[in-house]
Amino acid sequence: MKRHGFLFDKAFSRESLYQAWLDASRGKHKKRACLEFSRHLASNLDALHVEIHAGTYKPQPYIAFQVYEPKERTIYAPAFRDLVVQHAIYRLVYPIFDAGFLPQSFACRVGKGTHRAADYAQAALRAAPAGSYTLKMDIRKFFYRIDRAILQLLLARKIKDARLLRVMMQFADYGQPVGIPIGNLLSQLYALVYLDPLDQFIKRTLGARRYCRYVDDFVVFGWSRQQCDDALARVRVFLAQHLNLELSRTTIQPLARGINFVGYRTWRSTRFIRKHSLRSFTRSARRGRIASVVSILGHARHTGSLRHLLTTLKEHFHDLSVRLPQTYRRHSHSRAAAA
């Protein structure tokens, strides 16, 4: 496995920090923290450059807040100057790690995402043998239980620059004895790195032909019931011995029953958004939140749920219906004409 050195100076050159500021400020130019940093951009970037190269740089305390959708979690928002540093690291090391990830890892990667994951899951259901099973697993409190010592070893497999690794690990610590903060840009990469050994184990050691993962939800398609039982036991042991993690919910069920994955209920022939999304759609429509309505329509665009959502808008929320992007209004009209 190739290890990469001499990365510190590349990541934290003045040019790289400026590009990182451009990345960090994208879409945030009206935010107070971005405005304040940008008002004295040259001096702030220079201060970061000096601190990082002197070895005195430390991230500022996170701003912690709660979110409740789709489930309750604590989000740790970094200070803007620390977000700039994270972008400087991310833009350099992401390609190094991404090149080694399996194509079936779909979260937080360029060109991937929930829609690609859902498409893969449906294709896997269609290709799997009739009468076979799906094995779906997820990890208990994944981000909160990541072992930072193990994470550092996994990062060091590719990064041999000790100075860069030291700065990277500062963003894994958030004052708790174990885990990494949800809300960091680098936490997304760390999650990918941490579970890559699991992907490799399931694909290469267990020999799963059809397998995909989105963050800590992962599915194997097309095995017999006995194969699923055996694999489940071996995955439990692997997680405990190598990653200090444990499984939460697990489901083994016949292929014909479909799969709940990345916000969709999927079968071979069709796909629907889940009840949670339907409730969110109705709630947003009642409150006139057009941006949220359009977002959920985008989530439902290639599913059997789209027609129901557009009909609901037209019949019960006409004022929102006429404000939809043209593509959805055309879709609604074509459906009505076909009926």
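Cys108 is partly exposed, with a relative accessible area of 32%. This residue of the predicted model is found in the loop between α5 and α6, and its phi is near 55 degrees, a positive value in a residue other than glycine. Why is such a value worth a second look? Most residues other than glycine have a negative phi. Lys141 lies in the loop between β3 and α7. With a relative accessible area of 54%, Lys141 counts as exposed, because the cut-off for that word is over 50%.

Helix α2, residues 14-25, packs against helix α5, residues 80-98, at an angle of about 110 degrees, and their axes are 8 Å apart. That angle makes α2 roughly perpendicular to α5, since 65 to 115 degrees is the range for this description. The crossing of α2 past α5 is right-handed. On the α2 side, the residues that meet α5 include Leu17, Ala20, Trp21 and Ala24; on the α5 side, Phe80, Leu83, Val84 and His87 are among them. Sorted by class, the contact of α2 with α5 has eight nonpolar, four polar and two charged residues.

Helix α5 also packs with helix α3, residues 32-39. Here the angle is about 80 degrees and the axes are 9 Å apart, so α3 and α5 are roughly perpendicular to each other. Ala33, Cys34 and Phe37 of α3 make this contact with Phe80, Arg81 and Val84 of α5. By class, the residues of the contact of α3 with α5 are five nonpolar, no polar and one charged.

Strands of a sheet pair through backbone hydrogen bonds, either parallel or antiparallel. In this open sheet, three strands follow the order β7-β8-β9, and the pairing is antiparallel. β7 (259-261) and β9 (271-273) stand at the edges with a single partner strand each, so one side of each is left without a neighbour in the sheet. On average, neighbouring strands are turned by 25 degrees against each other, direction ignored. Strand β8, residues 264-266, pairs with β9 over three bridges; Arg265 has Phe272 in β9 as its bridge partner. Which helix packs on the sheet? Helix α6 does, touching β7, β8 and β9, and its direction makes about 15 degrees with that of β8.

Conventions. Residues numbered from 1 in each chain as written. Predicted model: local features only at pLDDT ≥ 70, side-chain atom pairs only at ≥ 80, totals over all residues. Heavy atoms only, no water. Axes fitted to C-alpha atoms, helices over the stretch in contact; angles between N-to-C directions. Helix = DSSP H or I, 4+ residues; strand = E, 2+ residues; numbered from the N terminus. Parallel < 35°, antiparallel > 145°, perpendicular 65-115°, else oblique. Left-handed = near helix turned anticlockwise from the far one by under 90°. Contact = heavy atoms within 4.5 Å. Nonpolar A, V, L, I, M, F, W, Y, C, P; charged D, E, K, R; others polar. Buried < 20%, exposed > 50% of the residue type's maximum accessible area, 1.4 Å probe, protein only. Pairing = 2+ DSSP bridges.
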